[in-house]
Amino acid sequence: MQIRRKCSAAQLLLLVCASSLSAEDLLVTSLPPGRYGGDLVVAERSEPKVLNPVIAVDSLSREVIGLMMADLVHINRESQRTEPALARSVDISEGGRRFIVHLRRGLRFSDGHPFDADDVLFSFQVYLDENIHSPQRDLLIIGGKPVSLTKQDQYTVAFAFAQPYGPGERLFDGFPILPRHLLIGPYKEGKLNKSWGLNMTAGEFAGLGPFRYKEYVPGQRLVVERNPYYWKQDSARQRLPYLNRIIFEYVGNEDAQVLRFQSGDADIISRISAANFETLSKQANGVRRLIDAGPSLEYTFLFFNLNDLSNKSLPQIESKQGWFRDLSFRRAVSMLIDRQSIDRLVYAGRAAPISTHVTPGNKLWASSRVTPVSRSLETARSLLASAGFSWNAGGKLIDGAGRPVGFSIVTNTGNNERLQMATMIQQDLEQAGITVRVVSLEFRSLLDRLMTTFNYEACVLGLASGDVDPGSEMSVWPSDGSTHLWDLSKSGLKSGWQMEIDHLMASQMRSTDRAERKRMYDRVQELIAGNLPIIPLVSPDVLAGAKAKLKNFSPAVLLPYVLWNIEELYWSEQ
Amino acid sequence: MLKAALACGVLASIHVTALLADFASPVPFATQQREYAFAPPTHIRWFDREGGFQLRPFVYARVDATNVKRYPVQFFVHGSSYQLGPVTLDRHLFGVAAPARLFLLGTDGFGRDQFSRLLAGGRISLTAGWLATILSLSIGTGLGALAGFYGGWLDHSIMRIGEASLTLPWLYLLLAGRAFLPLGVPAASAYLILIAVVGVLGWARPARVVRGLTLALRERGYVVAARGFGATSGYILRRHILPDALPVLVTQAAILVPQYILAELTLSFLGLGIDEPVPSWGNMLAAVQHYNILVSYWWMLVPALAPAAVSLCCFAIGDALLRRRRAVPL
Amino acid sequence: MIRFLSRRVLHAFVILLLISVLSFVFFQFAPGSYTDAMRLDARVSAETESAWRTMYGLDQSVLTKYFRWMRSVLRGDFGFSFAYGIPVSSLLWPRIRNTLLLTSVALLVSWSAALGIGALTVVRRSRAVESVIRSSMALLLSIPDLLIALLLLLFALRTGLFPVGGMASLGTAHTVIAHTKDVALHLVLPALALALLSLPLLVRHVQAAVRESMCAPFVQAARAHGIPAGRLWLAYILPAAANPLISLFGYSVGGLLSSSLLVEVIMGWPGLGPLLLESIFSRDVHVVIGTTVLSALFLIAGNLVADLLLYAVDPRIRWEQ
Amino acid sequence: MLLETHSLTKEYTRKNLPSKPVTVRALDNVDFRIGRCSSLALVGASGSGKSTLARCLGGLEKPSGGAITFRGTDLSRMSSAEIRNYKRKVQIVFQDPAGTINPRFTAASAVSEPLDITAVGSPDERRERATYWMEQVGLRTALAQRPALELSGGERQRLAIARALIVNPEVIIFDESFSALDLPVAGHVLALLRRLREDYGLTCLFIGHNLTLLARFCTEVAVMYQGRIVESGPMQQFLTAPAHPYSRALAGAIPHLPVEWPA
């Protein structure tokens, strides 16, 4: 008995030595060496709400979580392609139905606890748990069946899908790996949803990201500090990150954000309006650097209510749907809109007019075959005339039945740009005798109209894709998508082209051949540009700024725009 | 007294100008001249480039790449047509011939003439201010007088409800109100409905004042005597209490009117303001709450002068009335 | 005295109950719910969204919701924040402290300014002084709240005299004194903004009250007796003016609380305001109602203090009761 | 008897927190009667309950106990119409000259107010009657359109008396109403009242603590002391042989006036 115990103790010692000595399988990047030290202050307009990646829904929470957690495979925000992260490699087999993920060895969570396949298994068990309702869960249902995981050894996990998964390993970006040793207890007690709220202490948290949770001062700030166990190194084999702390200060609104940045209290600014960006640029000096990263993945658009309203008792709106369903009408409206002026006046020239939903910011998927819409009052008028519309003595457009054509555009009040766009559209359509009324509604009231009561005629809204891959648009374009806003009733628009989109979107998700997927997605873009279920307007640029001393600062068009390479940022000496 | 008369005059002329906004403004308030976004106020000149004096004020305008021409300011010019009551007119007080533009107060981000918007905005703002003030004062007076006059449980419950209503988060009631208004309601009416709700909700403060006054007055000999003659409560309120409350109410109104005019700005901050393209003073100032506009375009602040003038006048009138009161000190 | 107090406390309790019920009912009118925004999230399916609705009890009747909330109030939680995933009470307490700090400083500033200005206009009866004060008050009243706050912010930015936004700078919390100084510096702008907002009304009422009491027969008599000005003020005029001013004080607390909402939002002061606004917009119902009930509590407490002061100062009140 | 009280009691409760409420008995079993055409002086020290009695008689306060009867009808059993009629028949003129007349009203409209309330006659008739009664109480008609605010205390008091008379009352209660009038005016008004008593059978109840004026005018007197009527009877008898100690003090304080009142 005694001998055996000794033996195992010796084995244990050996194991500890081995892991602490060399077996840390760190990722060595090609990054030129930077300089350690310093804090980074980020002024945010709203607070992060929860630090629990399983239930976080708001974007700021996810941004902060992104700093503290890591995923198996990561999408490089600059190249928009995947790169290895916690997984050193992924082997894809069985025609894209099976992923063998090889984990890095000897990595540690920010509290020093080792990381292995059990953490991966636990994390995905949590994400898949039906009782937790993680918002990410739906992404793991592929071909109608949940992904299944098997542990092959301590550092190898196999993922099996019911059908080939088109986007491939991009799936893993967005599934941060959870520390099993900390969360298994709350999970078993059914309290995982309530773990990692902002009332937690630093000791309750551990992650694999470059930073770890330090403190939260309610209503004021959230501080994260350098994770000493982080698994990336620069080319000089210095362990990243360089910065000591990141401080998220909560300042309430965009103007306060700008003021804080201007006064030098905040080091970075992002998601600012073009107007503020211009003002800051005008006052630019050597201390601050402002960067226009080009068109984002956000597309703003006008859309009409194409829902089936037969059981909603909204006769007023229903009577106008005849116009809305008329492609000539939609094309005429699209042609009447002065996108150049929107770009110039609303976005100070820092936006790109678009004619489909895939913006120029999407380097990998934007189709070159979609032609831009050119504004033409004459073409619009002839289109309308050929569709049976005419003009009365007062110059107002009337339809075949002699009713004057007019509608209201709803938009949300929190967003100044959308309101401005609606106002400009109002004037643009006026020129063809269409009377437009702009109604601004507070965001939830607007959503209620769009998604529950269908009590609206037209709406200006914007959507931002989470990723460049068409997989991220699956909730928008197929007719049964939950964000298929213009026709959530799924029955109003049983047209051929919509069926074709449904088919194309479903097929590209099953295909692992990138060229084929591209071909299919190009066709989707053409169909949308040609049939205008939405009338695309512009895509605003990603605008950001930082102190000039901050090196490696490189805003990207993918979320999170500026903090995606946080581990690489450092303060230069001057 | 002179000052009050002057204030009345200014106030009246502001109202008249707002009423005749269509005539006094050179272009319709909603017209976007997009190539002139954020244009500063046009320089009106008496002296030309050569230093020669012109009898008629004029503006310069570029006619092509190289040439700049003089355009005199004209009065009673033909322009876009508008309705003034039952008649359709197309005369405007002043203007310049195209391609020159005359922006007295510059333009906003869409290139809309600020001067025209200021005049048109007065209509909405003044209506809103008066409407809300009248509503809150009349409801406040009614309930306050009731509470003070009858006392007892009625007084108690009115005052408790008043206290509660001062603390209630009316904001989401307003949000709901805005959300439930049909889409077809024109922007101005939608806003007036909302400000009416705000006015109705503002009853508690005037009610308090009137209640205090009523409490003091109802013990006065002449009120007791009137009751002795068999006067009804309504009579006493009408003949004895309200006349005494009137100066107080006017003072209150002098404060409330400007406040309600500016309430629009706060409402639009909360997403409940007036919808584009209809202007109002608060709505025009709301643009300035964006930091970049505040620092870049000073003329966007000019609309603040209108409510300031109104409130100065209101104050002067209120003060004069208060001095005239000289009634029984309370 | 004790009965007076206990009756007022009972009233306060009834009001709070009324407010909580009305808040719930009104909130029911506001369209949309917390989970609506999830629908715009490309990752979330309609099924997940409805599962969240069930999880938060959003699909239940108002009555059930109210009683569930009441139960959690009795536990001391004040409900559960959907957005933050933690009990509302733990969200509220730290912010209440900040709001109270801000409003009490603003209260102090605005009242001393109002009393000073009120006394000045009455003592120095010069037309110039009066018209300067009147027009500046009118100007203050005619500048929208938002703009005052923003102009102050700009001023701070241009001069660099005061920190912009927030409540404390980083890394200054080494000593208590340094920390206090830092917070005080941050407090200047929001408190000033808040004080400026409430000043015109206060000045007006203070002037009226002082003028009335100066005209009071006993003050005239005292003046006729040749009582020196200082004593006249302290012993005669101010006590006579105290009565309306004390009740005004109680109500000004409420006014300040409600305008502090906006100032806090603009100035980035970490009080109840930003939390309330954000939770209204995100329909985080329990946070909204918790905040509402709590600010009502402060308002009522302010009125109660004013009543007690009146009770102490004015013998007539004791008679009436 | 025209107006009488039977064991009339009026109590006020003062919630004297935190101690127990204190009950003050302002009227204590008052039995009191006035005959038609009589004029009675109700005298007593301040706080003896005179004004309370007046307010009860005027129907402005509800007694806590006992009853008031008018022409034999119990006030508490009257219908509201009868009460209204009663209030017209019994008028009170108060002490406070500033408070009795709304300073905002013109003199004429203050006098005609009771008629306006009951809407008797046309506005012109009312105005006419108002000026008539103003003249009767010795006010110049030139004052008619002046706001009451600008009148002196004595003038306002006369307005109040004119206002009481305009409704043709049967009883007028003067609650210290003469203290604000200077002697010649008071004498003039008293002479008017005497004429009215003789012509129309007007009954007058004077409340005061100063018998100087009333001694000549009133035929009867009642003395109140601490909420009770301690002595009542004909004036002459009271002046010559007052029974109660307080009465003696009162009667002894009347100076001998050198002049005769104008008739």
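Here is a short exchange about aromatic rings and the charges over them in this predicted model.

Reader: How many aromatic pairs are there over all chains?
Author: Happy to start there! Rings of Phe, Tyr and Trp pair if their centres lie within 6.5 Å. By this rule, the count over all chains comes to 54 aromatic pairs.

Reader: Are the rings of W46(B) and F53(B) stacked or edge-to-face?
Author: Their centres are 6.2 Å apart, and their planes meet at 5 degrees. Planes under 30 degrees apart count as stacked. The pair of W46(B) and F53(B) is therefore stacked.

Reader: Does F53(B) count as buried, partly exposed or exposed?
Author: Buried means under 20% relative accessible area, and exposed means over 50%. The relative accessibility of F53(B) is 48%, so this residue counts as partly exposed.

Reader: How many residues apart in sequence are the parts that F24(C) and Y66(C) tie together?
Author: This aromatic pair is edge-to-face, with 5.2 Å from centre to centre and 90 degrees between the planes. F24(C) lies in helix α1 (residues 2–29) of chain C, whereas Y66(C) lies in helix α3 (residues 62–75) of chain C. The pair therefore ties together parts whose separation in sequence is 42 residues.

Reader: Which residue has its ring under the charged end of R288(A)?
Author: A charge sits over a ring if, for Arg, CZ is within 6 Å of the ring centre and within 35 degrees of the ring normal. The charged end of R288(A) is 5.9 Å from the centre of the ring in question, and that ring belongs to F261(A).

Notes. Residues are numbered from 1 along each chain as its sequence is written. Chains are lettered from A and ligands numbered from 1 in the order in which they are written. This is a predicted model: local features need pLDDT of at least 70, side-chain atom pairs count only at pLDDT 80 or more; totals for chains, interfaces and linings use all residues. Side-chain values use heavy atoms; hydrogens and water are left out. Rings of Phe, Tyr and Trp (its six-membered ring) pair if their centres lie within 6.5 Å; planes under 30 degrees apart count as stacked, over 60 as edge-to-face and the rest as tilted. Buried means under 20% relative accessible area, exposed over 50%, partly exposed in between (1.4 Å probe, protein chains only). Helices (H or I, at least four residues) and strands (E, at least two) are DSSP runs, numbered from the N terminus.
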